[in-house]
Amino acid sequence: MNIPGSGIIKGLAVTARNFLGSYVEKDRLTTEQYPEERPKLPENARSFPFLVFDGEDPEAGMRCVSCKICEKECPPQCIYIVQDRDAAGKAIKRPKVFDIDISVCMSCQICVEVCPFESIRMDQDYELSSFDRFGSLVLGKSRLLKSNTYYRNIHPTEAAETDARLEADRKKKEAAAAAKAAAAEKAAAEKAAKAAVEPEVKA
Amino acid sequence: MDLLERAPIELKSWFLNLLGSFGVPQGILSVLSAVIIIGTVIGVFLGLFALMSVMERKILARAQNRYGPNRVGFFRWRLFGLFQPVADGIKMITKEDLVPRTSDRAVHFLAPVVMMIPALLVLAILPYGRDMVPAELDAGILYFFAVGAGTEVAVFMAGWASNNKYSVLGAMRAIAQMISYEIPLVMAAIIAAMISGSLSPSAIVAAQGGFAWGFVPQWFVLTPWGFTAGLLFYIAALAESNRSPFDLPEGESELVAGHLTEYSGFKYATFFMAEYIGMFAVCGLLVTLFLGGWQAPLPFLTIIPSWCWFFGKVCFVAFTMVWVRATLPRLRIDHMLAFAWKFLLPMSFAAFLSAACWHYAGRGPLAWLLSLAIVGIPYLILGTAFTNRFAISRRTYQFSE
């Protein structure tokens, strides 16, 4: 026969086991003590977009060419780009202003998908709170530009893929340029040869 | 060790003698003596309340495999978060004191005060140690229940004055609960008073003194009737102090916060404090009536001062209350009232009868068996009936199947 009240004793035993166990087995306590302990984020974790630059100098190594595709594609329209112009007023392939309002951004990653220059990528930084509701949440170029090394750190697989593609593109371009140069040389040589032959014919 | 045992009393008389030697008149000295006692008792219980408020959260957290509050410290020393009550207190005091426009302002203001007064008054009759009773009353137990009933008025005042449907519903529930559980509570107390032949808490503690065969304490909880009565008292005390699993008056899932809905800031803190001090008081009475009061559990442990034993036992009972809170879910109102009237009340009568038989059968082995049978058989019958009555069965749907 089931003694009445035995269920309560069993329940009390369960809580007692958890209570005492949490002092003995450290595995039971799954809470991370946040500011001191930080989670290792999974590779695919993403917060807000940032801009990748190559080399050391952010301005010189900037991949963005100010094509404004991301600005047009952005569903909540949180990206604002102004193209740079040189002294003569001619447009340069470089943004003068590149702002992302992260209070509007919804982290959809569409800008990353559409960027043909592998320039905009997703960041993992999540400590973005500020005392100012507007200004500090609009990230300018200075805060958006982060080096390719940083990108390799946070998304190793994705970065390797991008780097391989960029390298292949560069090689293809080089090969194309070489082929073009060779063709031009050939044409020039033929022309020269022709020129050398023609006077003889004339003569 | 005798010095430590008498330290609180000696310290007070030394201080008063010092003042007396400076020519302070006798009348003022006797008033001062009372003020010192009152201040000490209130101070100790406020300290216990502060400690309890953080320890309860830590114990509950540990039962759920969490850390609980462990941040608030003193400048750079964290101290396991023991300064949490200070932060809570500052927060409570600086919060806005909201009073609903349609409320009965005077009653709304008075309710926390009226709640606090009985919680503090009942502390007067508890024997905190050998010769340490603030007010030596012949009918101390009666006084405890008579004064303690005042909290019910305060709860209803709070619910009614708030002019809020949830408040008044919560207050109604609280009244129904407190009155229902007052009866098993008093019945259990009567049993202890009956066996020791006195309503004076000191006499009840004295009746539990001494050791059988030189090492088994004579506490009432170690007899069949005493164990039953003690358990009944404990369950009823949980309900009286509105603690889980009987915390229906504050059932946030249906009643927001019951009679506390319209209270904020320091008034809310006062309610909270009164509830906890009331809980400690009723724990103290449980310790006095059944757990041997300030008596040590083993003869050689008497070197530890009696007041340490009293507060140690009170803290232990308070810990078990938190433990129960971590374990049991909240009851439904009809289940709770049925439990009081159909289970606790008959069981308290059985314990009463058992105690009487134990006394008249000569308090020997035969008496032990007899009293065990008198509480055990009704327990099995009532308990089985009760479990079957509320057993969870497969639900059948009339229309959908």
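Two strands pair if DSSP finds at least two bridges between them. Helices (H or I, at least four residues) and strands (E, at least two) are DSSP runs, numbered from the N terminus. This is a predicted model, in which local features need pLDDT of at least 70, side-chain atom pairs count only at pLDDT 80 or more, and totals for chains, interfaces and linings use all residues. Residues are numbered from 1 along each chain as its sequence is written, chains are lettered from A and ligands numbered from 1 in the order in which they are written, and side-chain values use heavy atoms, with hydrogens and water left out.

**View 1. Strand E1 of chain A pairs with E4(A) and with E6(A).**
E1(A) covers residues 49–53. E1(A) and E4(A) (residues 120–122) run antiparallel, joined over 3 bridges. Here A:Phe50 has A:Arg121 as its bridge partner. E1(A) and E6(A) (residues 145–147) pair in the parallel sense, also over 3 bridges. Is E1(A) enclosed or left open by the rest of the structure? Of its 5 residues, 5 are buried, so E1(A) is largely enclosed. Buried means under 20% relative accessible area, exposed over 50%, and partly exposed in between (1.4 Å probe, protein chains only).

**View 2. Strands of chain A form an open sheet in the order E2-E3-E5.**
The sheet has 3 strands, and their pairing is antiparallel. Which strands stand at the edges? They are E2(A) (79–85) and E5(A) (138–139). Each has a single partner strand, so one side of each lacks a neighbour in the sheet.

**View 3. E2(A) and E3(A) make a hairpin.**
E3(A) spans residues 91–101 and pairs with E2(A) over 6 bridges, in the antiparallel sense. Two facing pairs can be picked out. A:Arg85 stands opposite A:Ala91. A:Gln83 stands opposite A:Pro95. Between the strands lie 5 residues. In this hairpin, A:Gly89 takes a positive phi near 90°.

**View 4. A:Leu29 sits in a loop of chain A.**
The loop runs between helix H1 (6–24) and strand E1 of chain A. A:Leu29 has 7% relative accessibility, so this residue counts as buried. What does A:Leu29 touch, leaving out residues up to four places away in sequence? The list holds A:Ser22 from chain A, and B:Arg62, B:Asn65, B:Arg66 and B:Tyr67 from chain B. A contact means heavy atoms within 4.5 Å. A:Asn18 is 11 residues from A:Leu29 in sequence, and their C-alpha atoms are 10 Å apart in space.

**View 5. Chain A is seen here as a whole, with its 6 helices and 6 strands.**
Along the sequence, the pattern reads α-β-α-β-β-α-β-β-α-β-α-α. The C-alpha atoms fill a box of roughly 130 × 40 × 30 Å along the principal axes. Buried residues make up 30% of the 203 residues. Take the contacts between residues at least 6 apart in sequence: 67% of them join residues at least 24 apart.
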